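Open your viewer, keep the selection tool handy, and follow along stop by stop.

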Amino acid sequence: MSHGERLPRERMYLMCPPEHFTVEYTINPWMDTTVPVDAGLALKQWALLRETLTDLGHRVHVLDAEPGLPDMVYAANGAFSVDGTVYGARFRYPQRADEAAAHRRFYQSWAFAEPVHVNEGEGDFAYLPEAYGGLILAGYGFRTEPAAHAEAQEVLGRPVISLRLVDPAFYHLDTALAALDDRRVAYYPGAFSPASQRVLAQLFPDAVLADRADAEEFGLNLVSDGRHVILNTQAMAMGEKVRAAGYTPVHVELGELKRGGGSIKCVVAELRP
Ligand code: ARG
């Protein structure tokens, strides 16, 4: 199969260093409080990911880490922005609640909508600017409330497609689905209800499909600029799948952050001014 050249688009991201990263509570099946985290290694891996993104020509803003918020490194959960408007997060679990305010302070110069309903930002929202004139995909079932999907649609003025997640291992949308570029997605069907699988198949007949092993390696928890697809080093098979679809996989080691139940996408929020 031949593909037109995949064109990268310059991106703006927000990341938060794992300065206070630990696994001291369990709010997803990946977190094991009995295995100590190597904080130095986490920081090193995070720095290399940041460097990879800047080397690819992208701008990375950094949010200061706050003590007592060990999951703050997963910056994708702090908000969701589309065309300059920010829909704030409201975390499901009290342990992460205070992260929302730290993100809100970052968006001072943006149009910011304070949410009423529980939602975990880009963890459960994805945006495809060129699909159907601009489409938001939203996950529910574990963290984000379906009511937040309607709220996001009112705030952002784009159609929101609700997708039900059914497997606790893939508790956020970004563990099961990713935007490869402005119109194309990759996803693991088994993470979604049968009806949501149908919806995805109807909307995205050209999607790159992942299997359970890819999803367990956090191969869908990727960041793409439309050409370069950043994946963790475990997700080699997923890397080959995106290569076959015409993209360039770039693998970065992020194993220490998997201990908290996240990988590449979880630690990178995209800013869409
Ligand atoms: N320990 C964090 C939690 O369970 C991990 C968040 C991962 N972030 C993501 N965007 N999937 O909330």
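A polar contact here is a pair of N or O atoms within 3.5 Å; within protein, one must be able to donate a hydrogen and the other to accept it, and residues adjacent in sequence count only if both atoms are side-chain atoms. The model you see is predicted, so local features need pLDDT of at least 70 and side-chain atom pairs count only at pLDDT 80 or more, while totals for chains, interfaces and linings use all residues. Residues are numbered from 1 along each chain as its sequence is written, and side-chain values use heavy atoms, with hydrogens and water left out.

**Stop 1: Arg143**

Select Arg143 and Ile27. A polar atom in the side chain of Arg143 lies 2.8 Å from the backbone oxygen of Ile27.

Helices (H or I, at least four residues) and strands (E, at least two) are DSSP runs, numbered from the N terminus.

Is Arg143 buried or exposed? It counts as buried, because its relative accessibility is 2%. Buried means under 20% relative accessible area, exposed over 50%, and partly exposed in between (1.4 Å probe, protein chains only).

Contact means heavy atoms within 4.5 Å. Leaving out residues up to four places away in sequence, Arg143 touches several others, including Asn28, Arg92, Tyr93, Asp124 and His172.

**Stop 2: the ligand**

Show the ligand. How many residues surround the ligand? There are 15, and the closest are Asn28, Arg96, His172, Asp174 and Cys266.

- An oxygen atom of the ligand is 2.6 Å from an N or O atom in the side chain of Arg96.
- A nitrogen atom of the ligand is 2.7 Å from an N or O atom in the side chain of His172.
- A nitrogen atom of the ligand is 2.8 Å from a polar backbone atom of Gly260.

Taken alone, the ligand exposes 350 Å², and the protein buries 100% of that. Such accessible areas come from the Shrake-Rupley method with a 1.4 Å probe; for residues, only the protein chains shown count as cover.

**Stop 3: helix 1**

Select residues 39–55, which form helix 1. At 1.5 Å a residue, its 17 residues should span 24 Å, and this agrees with its end C-alpha atoms, which are 24 Å apart. (The expected span is 1.5 Å times one less than the number of residues.)

Which residues of helix 1 are buried? Colour Ala42, Gln45, Trp46, Leu49, Thr52 and Leu53. Looking down the axis of helix 1, you will find these buried residues within an arc of 115°, so they line one face of the helix. The arc is that of the directions from the helix axis to the C-beta atoms. Lys44 and Asp55 are exposed on the other side of helix 1.

Among the elements that the buried residues of helix 1 pack against are strand 1 (12–15), strand 2 (59–62) and helix 7 (255–258).

At the start of helix 1, a side-chain oxygen of Asp38 comes within 3.3 Å of the backbone nitrogen of Gly40. After helix 1 comes Gly57, with a positive phi near 95°.

Zoom in on Leu53, which counts as buried at 1% relative accessibility. Leu53 and Val223 are 170 residues apart in sequence, with their C-alpha atoms 9.4 Å apart in space.

**Stop 4: helix 4**

Next, select residues 194–203, helix 4, and pick out its buried residues Ser196, Leu200 and Leu203. They cover an arc of only 70° around the axis, which puts them on the same side of helix 4. Pro194, Ala195, Arg198 and Gln202 are exposed on the other side of helix 4.

**Stop 5: two positive phi values**

Most residues other than glycine have a negative phi. Asp83, however, has a positive phi near 45°. Find Asp83 in the loop between strand 3 (79–82) and strand 4 (85–88). Tyr132, which is not a glycine, has a positive phi of about 55°. At 52% relative accessibility, Tyr132 counts as exposed.

How values were computed. Near = heavy atom within 4 Å.
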